[in-house]
Amino acid sequence: MTTPLTGATLTAERAQRRWSTYHIAISVPNVVFTARINHVFQSLDNQSQMEWDGGTGTYTNVKAGMSCRIGSAAGLSDIGIVRVRKDLGASTFYFGQVSGMLFADNQYLTFTDDAGLFAKLPTKTGDIEEMDTDLSFDGNSFALMVGAGPAGVTLELSGATVSYTPPYKGYSPIGATLASCVWTATGTSATSGLTTTTPVFTWNAVGEYYIRGTFTDSVGAVTNISRKVFVRLASDAAVSIKEITGDIDSGGFTARIEGYTGVGISALQDRALCVIWRKDYSGTARAASYGPYAGATATRFVGWLNGQSLTIDPDTGSASFTIDGPAAWLDRIYGAPMYRQDTSSTATAWHHIPTMTTDKALYCLAKWYSTLADICDVTLTGDATRIYTANVNSGSLLSQINGLAGEKLKARICFDELGCGFVSVEPSLRTSAGKAANTVLFDIASSDLSEQLDIDRVTVAKSSQVEISGSTFDGTTELQIYSREPGNTPAQYGSPDAPTSTLAFASQAVCNQMAGDLRADANREYRSVSAKLYWANDYAGWAMAHGYIVRMSMAATATPRGITWTSKRFFILSVGLEYDAKTGAESTALELAEETTGNPGIYYIPPTVSDEAGNYDNPPFDSPPAIVPPGTDWFPEVEPPVIPGTGACPSDAGANLFKITFSPSTLTGAGGVLSSKSFCPCQLRPATFTNGPTVLELELGLEGDMTYTPTMSDRLAVYAIDALGNHVFTGSIDSTAAPDVCAGCYIFVTFAPIAPMDVAGFEIVLTAGGGYAYTSGSVIATGTVAANDATGDVVTLVPGSYYSVEDDRSIWNSGIGPRQGVRIRDESSLYNESGASFAIRNYYQATGATRHVTVNDNNYGDNTGSSGWILREASARGSRKIIIYSSILNNVCAVSA
Amino acid sequence: MGVSRQCMIGTSAGAMVTFASLGISAPLVSFDAGEQVQTSDGNYITRGFSSIILDWASITQEEIEKLRSYRGATVYIYAPVDVARAYKSFSSIMVWPKREDGIKFQLKYTHLVAV
């Protein structure tokens, strides 16, 4: 998106003589309804509903999401505070499931219009899953997740009235759209647009008000959200803000208030919603406030009071306390375990998500496992990589969200100062498209800095090698893929690291890039740069939560180590908004980290853990052996080439070639290995492409009967294969050249699918068989032998040497019919073949010196006619065998998925 | 009616009076535009609120007690703000000094907002 911190806004934020006063609104929630418990509890375990009576007020005003204080006397909450999980019934109160809360008949129920952060607990009875105690899977299960801005905002009543329009954004895991909405609010003096996404609420009096939105999507699912609005006066007492700080590791912001005397201490209840707001000035004039949320620019921080941090000064009676944003509270709230599984069809149970992505699983955590999505904005990553399963262990709600987001995408959630959450991938680990699209918030210049930069620079790499793995899932098959960067040889400095094995990848190329990016991030030269702006940057926390970029241009004289930067890109690790009460000036302390981009890694084969017998060796390992995909047996020991590209395979894709390696390199037809494979994920190109189809060029040594052609294609086949080793395309072997003998010749195998086709590699398959063969050489002797000559023509041979004898296609008669062919009568033929100039050629290894050539019929007496013969030297070519000397793959594209 | 050239204070913008009318001697008036901060490029910027400082080289306890009656609430002050001695009215917060020994006395009016 376009940065909002530009032009006049940036100029105003940087303006000299700018100062502020800070104020705070602390929620004292309105009582909506009161009643008494009318219920005798047989057990205090797993309680989620009770009967009530003795109500005062209108019970239908109690809406799901509000809170109920349960006390031993009217108005107290000494028994506990629970969440209203359904609109209050005429006599039944449904609340978030609890155990051990000391409910008793006739206790007091005080329903208030504050909505807090709570877990929603699922139940499972047999195979029946239900969310939030008793919600069955139905058409509402993928209802919109709606964002309506900060959980609370403060409006300054400087005139007769003040108005507010909450923002709207919706997320549907099934692609539904908003069909209708209805807004309500308490205490308004006027309203408009209540059935639109831009309602206008107007108030004319100071107070604490409650906004509620009900949204119905295009499939009829309904979502409710709520927000708080505080209307205050300019004359509100100022408060001393010690600090407002946040960082991406903790996931958000906290604020510290000191010396607060604004209201009675009794109003400072634990978990009370607090909104810090301010008035801005320029010189001696009131000035506009700025911030990322239109209509709420005066709101500076939103959180809930941390009662544990509250201290009272015994002399002055003033209070000091900490206000924690959503992240800190989510980190304290138990979350139930969650399991979700992809489905290609319509979901029929809670644990099914159609075409599941990490975002969709995170949606479930935010909407169905907590009230986070009901009271805060949550923006998901936008990543569309399909995943097969999402498993979330029990833990804090924050750890669950970060666990899932980190496990799949190296993402995490971060809330800005106003409590709006963004799940995002660290800028250095985003895809190239994600980096290019990332917003640059603003450019820091030396004129912005009130203190010299503090630079933590690392010039010796910490990581020498990164190995990662993860899975790709196409809706049918989940395949584990691996990458290693910089390659099989670690870099000179640093330690090897294997930071993750669970990521979801769209392709091997994405996996390779992530490996490189992770190492580059681990080795970033500028690990931390502390920059203090003299001015209040009202967008820094919001930008940090998004993972936006800031750039820095510095002359060598402006940095402590003489470093020169020109538009150097950084992302924000932490933000400290420092308010100086003695001057009214606010400065911004930023901790930045260099944005890095690594080189793509290579595919590698993880070692198999086994014992001497080749079995998986469980002890002493605590974990089961690594999960490897089917077809692992065909992984070669040499990594495939990196085929650059994004997965696109246009018809004008440029010509390219890659050396690939088949393993094993020798195939033997008689009792040997008949298959050799090469792993090389790529796309085959059709013949219609500008640079032609994919051609595999093989340099082979051929032995035995592996003459080049025409028998080549009878005894050899070359296939393209998928990840499981299945033949998915058969290559066409070029037979235009026909050498009889090949001890290092080339054959060309063409793969020309009708459209680009993903394959995982190639396989050469040799037909089984002995296939001995010999090669005829020069002529030693010739002659013509009578067919009835039982002695034959004498020839002199060298024992041990190979010879061939062939006829001249003469036809003689055996007594029962015409025949052709001659032989060496005294030797056994090893192999024979036919040819154009002879009917049969027999090969021999001589066992004696004097031998005789006859026709090849033992019953010489009834033969008639004669046959010419030729005796040649010969050599043995051995049994059927091919040796793969080299292989070059031409014209392929990077895999598309 | 001409423009007043005397400092005035009051508890509302419309009810400011001169020090003379309160029986308080005229202070030395100075205007502080804000905090000076040097940035990394070597320049100086001014930030924070403006203040008016009233200095009495000698003041009586009786005068201090009259000034004390203005302590604690928003104070309005009419004072010169620049070298041209242009007078303006401001709301402010009066910062009472820790030291009130009756010899040298200083009052600071901070958070100036023009009214």
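Two strands are taken to pair if DSSP finds at least two bridges between them, strands being DSSP runs of E with at least two residues and helices runs of H or I with at least four, numbered from the N terminus. In strand E6 of chain B, Asp55(B) is the bridge partner of Leu28(B), and 5 bridges join E3(B) to E6(B), residues 51-56, in an antiparallel arrangement.

This is a predicted model, in which local features need pLDDT of at least 70 and side-chain atom pairs count only at pLDDT 80 or more, whereas totals for chains, interfaces and linings use all residues. Residues are numbered from 1 along each chain as its sequence is written, chains are lettered from A and ligands numbered from 1 in the order in which they are written, and side-chain values use heavy atoms, with hydrogens and water left out.

E3(B) and E6(B) belong to an open sheet of 7 strands with antiparallel pairing, in the order E2-E1-E7-E8-E9-E6-E3.

| Edge strand | Residues |
|---|---|
| E2(B) | 17-18 |
| E3(B) | 28-32 |

Turning to the interface, 20 residues of chain B are in contact (heavy atoms within 4.5 Å) with 23 residues of chain A. The area buried between the two chains, that is, the accessible area (1.4 Å probe) lost on putting them together, summed over both, is about 1700 Å², of which carbon and sulfur atoms give 57%. Ser40(B), Arg47(B) and Phe49(B) supply 33% of the area that chain B buries against chain A, more than any other three residues.
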